[in-house]
Amino acid sequence: MFARVDHIGVAVDDLEAALALYGGALEMPVAHREVVEQQGVEAVLLDVGENHVELLRPLGPDTPVGKFLAARGPGLHHVAYQVQDIEAALDRLRDQGLRLIDEQPRVGIRGSLVAFVHPKASNGVLTEIVQPAEGLH
């Protein structure tokens with residue numbers, strides 16, 4: 001079902017300090033930066049081979065990432081897997097009885113379609129399913 005790991009999401013309080021670490025000391029080049037209002041984050045994708053690390057700064061305390069930071073502090077937020085057909089992937093996950101946060105895909109960074117599987121259905125790990133926008137793989 002999954003083509004590959006698309007990215008690892010990391011929640012951060014201070015995006016510029018995180019960029020200094022990941023983009024500077026760890027030498028991961030910035031691939032894309034965008035405010036995703038629908039998800040309440042400013043996100044930065046950093047290249048790691050054909051995959052990415054996604055730094056997530058909440059736009060406010062009442063956003064999902066803002067609540068995550070308040071409860072757990074900075075760190076690993078989610079693992080995202082790439083699929084070719086997000087609707088088919090969601091149908092398969094639903095058929096397997098997995099609890100979904102998103103019954104329908106929504107628009108994510110760079111125009112991708114995304115949906116989340118509840119961490120209680122995936123051994124405590126928030127799981128994102130990503131169908132990249134046309135031309136981005």
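The accessible surface of the chain comes to about 7200 Å², and carbon and sulfur atoms hold 52% of that area. Areas were computed by the Shrake-Rupley method with a 1.4 Å probe; for residues, only the protein chains shown count as cover. The model is predicted: local features need pLDDT of at least 70, side-chain atom pairs count only at pLDDT 80 or more, and totals for chains, interfaces and linings use all residues. Residues are numbered from 1 along each chain as its sequence is written, and side-chain values use heavy atoms, with hydrogens and water left out.

Three helices and eight strands make up the secondary structure of the chain. Helices (H or I, at least four residues) and strands (E, at least two) are DSSP runs, numbered from the N terminus. Their order from the N terminus is β-α-β-β-β-α-β-α-β-β-β. The radius of gyration is 14 Å, close to the 14 Å that the globule rule gives for 137 residues, so the chain is as compact as a globular protein of that length. This radius is taken over C-alpha atoms, and the rule is 2.2 Å times the number of residues to the power 0.38. Along the principal axes, the C-alpha atoms fill a box of roughly 45 × 35 × 25 Å.

Of the 137 residues, 46% are buried. Buried means under 20% relative accessible area, exposed over 50%, and partly exposed in between (1.4 Å probe, protein chains only). Among contacts with a separation of 6 or more, 52% join residues 24 or more positions apart. A contact means heavy atoms within 4.5 Å.

Helix H3 (residues 86–95) has Ile86, Ala89, Leu90 and Leu93 as its buried residues. They span an arc of only 100° around the axis, which puts them on the same side of H3. The arc is that of the directions from the helix axis to the C-beta atoms. An α-helix has 3.6 residues a turn, so residues three or four places apart point the same way. The cover over the buried residues of H3 includes strands E7 (113–117) and E8 (127–131).

Ala70, in helix H2 (residues 64–72), is exposed at 70% relative accessible area. Ala70 and Val12 lie 58 residues apart in sequence and 11 Å apart in space, C-alpha to C-alpha.

Glu27 is not a glycine, yet its phi is positive, at about 55°. It sits in the loop between helix H1 (15–25) and strand E2 (30–36). Glu27 is exposed, with a relative accessible area of 65%. Arg110 also has a positive phi, near 55°. Arg110 belongs to the loop between strand E6 (106–107) and E7, and is partly exposed at 29%.
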